[in-house]
Amino acid sequence: MEKYLVPAEENPRRTTRLYQWKRSLIELNGRLESKYRHDLSALLLQSYSQIGAFPHLYHTIGGGNAAIPCQTNQLNSRGLASDSTRQFAINKQGVSALEFDNKGIYLVSVTKSGCLTVHDFESLYCQANDSFPCFGKDERKCEDESKHVLHNSLGRQLDSVRWNLANQDEVACTSMKTNEVQIFDIGYISSEPVEVLKTRRAVTVHGSDIHKGLTDIAFTSESRLIASDTNGGVNVWDRRMSALPCLELTSNSRSTLNSIKLNVENQMVFGAGRHGIVYMWDLRGGRAPSAFQIHKEMCHPPVTSWKLSSMLERIGSLKAQSDIVSKEVHSIDFDPSCPYQLAFHLDDGWSGILDIYNFQVTHVHCPPPAWLNGSFTDLLSLRKPSWLATHSIYVVGSSTDNGIHLLDFYPDPSSPCHVDYSPIEDAERPSRVNRRNKQNRFIPLSEGVTACAAHPLNGTIIAGTQLSSLLVVSQQKHSEFD
């Protein structure tokens, strides 16, 4: 009987590995899973390019209803004359901040020279697509002032601007030169704010006033907002009560706090600035509600703090390659698709993620130093990055070149910026899309970028530049993905 049996080795059975069909899961669940979106992010990063540029060449109404160039417009014109005057103009101007409203209908921006501008995004985007013939020519001839809803030339430096989350007709802006929060209603065509909030007067032991310029803003509700200052504090106002702060949060230093953010529950405040330390405060105070009303208990210290340079030193592979020193933090921001990821951006161009649950740095992006390619780092402007709404992609203006970095900060070791990322293990993952090597992307642009904002729905990126222009960066069809 045995002679009729076929030896097992002569008829080997090939084992086949069955892969899970992700498309069926998408069709059944009715939504894209986060890992599947991350797999597709490699294609997303390759699809962005600059499609339009809008220089700030607006005018204001002068005496006799005559249109005269606004201050930012005048600085732009001077900056084109020679290299020396151009550098002077760059130091005095540039887009310092910009932000979309909740629905992505309007875009607000402010410049160092004092222009507050609200754009209609649809008009901006349509004109960007029509402006292709303008590239390589004098783009000033292509400027159309009809695309903005409001343009106020306030004549004073502006450093931050935010929409009121509960009332999208209101925008608030601040300056490091003054201690005021100015609130404007875009329904009124007026250069005067509808409300002005001020910090409390502070004096030294010798009796002289302490300057408190305001650096960043965040709204907690329609009536409450907070602002960081140049004296290491955070001021909290309740607009129903007074034009003065109802609460002051203090750090353990008197250095400037450049950026503040609220967590998703609007209960914790995070701030960071010149000394490279991230602070966390609890707005609830950890006490009875009376703590917000009694003057003696108005000031609250931080709950905890993290020194970023010390946390970066814990990354062995990074410490072995770089001399890690404390650097100024330009900006912090929470990932809208992952609420425990707090992104930070440093003045030397480094970016990373602080996991506020595990108290560790999980992602790092370290571009080459400026001297390596013969360029220089812009230390005069605070760079303000932004997040794409759904892909954990961090958009950062380059500190040395004209362009932006699109950084994959997905909360998993499959991210190329993760401290535990392994290209070999990532390539062995079963997903077909994932076999494309994930990598960050640098998009060259026509000007140096100081601030970024991403549309909350379609992912279009608006970049504000050192010359006060707005650059439109959008997804384009690519032949490789047809």
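Student: Is Arg284 buried or exposed, or something in between?

Tutor: Start with the cut-offs: buried means under 20% relative accessible area, exposed over 50%, and partly exposed in between (1.4 Å probe, protein chains only). Arg284 has a relative accessible area of 43%, so here we call Arg284 partly exposed. Keep in mind that this is a predicted model: local features need pLDDT of at least 70, side-chain atom pairs count only at pLDDT 80 or more, and totals for chains, interfaces and linings use all residues. Residues are numbered from 1 along each chain as its sequence is written, and side-chain values use heavy atoms, with hydrogens and water left out.

Student: Which residue forms a salt bridge with Arg284?

Tutor: By salt bridge we mean a side-chain nitrogen of Lys or Arg within 4 Å of a carboxyl oxygen of Asp or Glu. For Arg284 the partner is Asp282, with the closest N and O atoms 2.9 Å apart. Asp282 is buried, at a relative accessible area of 18%.

Student: How many salt bridges are there in the whole structure?

Tutor: A search finds 10. One of them joins the side chains of Asp216 and Arg162, at 3.3 Å from N to O. Asp216 sits in strand β12 and Arg162 in strand β8 (residues 160-164), so this pair ties together parts 54 residues apart in sequence. Strands here are DSSP runs (E, at least two residues), as helices are (H or I, at least four), numbered from the N terminus. Asp216 is buried at 3% relative accessibility, and Arg162 is buried too, at 17%.

Student: Which strands pair with β13?

Tutor: Two strands pair if DSSP finds at least two bridges between them. β13 (residues 224-229) pairs in the antiparallel sense with β12 (residues 214-219) over five bridges, and likewise with β14 (residues 233-238) over five bridges. Ile217 stands opposite Ala227, and Ile226 has Val236 as its bridge partner in β14. A hairpin through four residues joins β12 to β13. β13 and β14 form a hairpin with three residues between them, where Gly232 in the turn has a positive phi of about 80 degrees.
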